[in-house]
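Subject: Structure handover

Hi there,

Here is the structure I promised to pass on. My notes follow below it.

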Amino acid sequence: MKQKIKSIYIGIIVIVSSLSCGILPKSQKSTTSFTVAGNCEMCTERIVNSLDLKGIYSSYYDLKSQKVFITYNSLIYKEEQLHNIIAAVGHDTEKVKADNVVYSNLPDCCKYRQE
Ligand SMILES: [Cu+2]
């Protein structure tokens, strides 16, 4: 009898630990921050809006320190993709440079590169 109860307990432990160890699909919440060039409030808005995507839970851009902070689902995005998303709207990141054509189309107040 005692042996039976013991094996039930072990069964429960195995089920619970396999659930939490990823046999079921799960969302993987990750946080990152990296340098992004910007110049004004419009840049802040543009950067944050570009990250308004499914699988990105929150984003914040600090103009003063030129840093972006992102909480995202790492099963959907790799960190490099986040760099590409921001560069695509015209802002250089520490890893990806924005396309010159996209950059030149930014309003003058947003031109952060030194000529
Ligand atoms: Cu701007």
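Predicted model: local features only at pLDDT ≥ 70, side-chain atom pairs only at ≥ 80, totals over all residues.

Asp-92 belongs to the loop that runs between helix H3 (79–88) and helix H4 (100–104). With a relative accessible area of 13%, Asp-92 is buried, because buried means under 20%. Its neighbours, leaving aside residues up to four places away in sequence, are Thr-35, Val-36, Ala-37, Lys-97, Ala-98, Tyr-112 and Arg-113.

Arg-113 is also the salt-bridge partner of Asp-92, and their closest N and O atoms are 2.8 Å apart. This pair ties together distant parts of the chain, 21 residues apart, with Arg-113 in the segment after H4. As a reminder, side chains of opposite charge can pair when their charged atoms come close.

The structure holds 2 salt bridges. Asp-108 and Lys-111 form a salt bridge with closest N and O atoms 3.6 Å apart. Here Asp-108 is exposed, at 67% relative accessible area, while Lys-111 is partly exposed, at 23%.

Then there is the metal. The copper ion has Cys-40, Cys-43 and Cys-110 as its protein donors, each through SG, at 2.1 to 2.2 Å. Their spacing in sequence is C-x2-C-x66-C. Cys-40, in the loop between strand S1 (29–35) and helix H2 (41–50), and Cys-110, in the segment after H4, lie 70 residues apart and link distant parts of the chain. Both Cys-40 and Cys-110 are buried.

Best wishes

Technical notes:
Residues numbered from 1 in each chain as written. Heavy atoms only, no water. Helix = DSSP H or I, 4+ residues; strand = E, 2+ residues; numbered from the N terminus. Buried < 20%, exposed > 50% of the residue type's maximum accessible area, 1.4 Å probe, protein only. Contact = heavy atoms within 4.5 Å. Donors = N, O, S within 2.8 Å, 3.2 Å for Na, K, Ca; no water. Salt bridge = Lys/Arg side-chain N within 4 Å of Asp/Glu carboxyl O.
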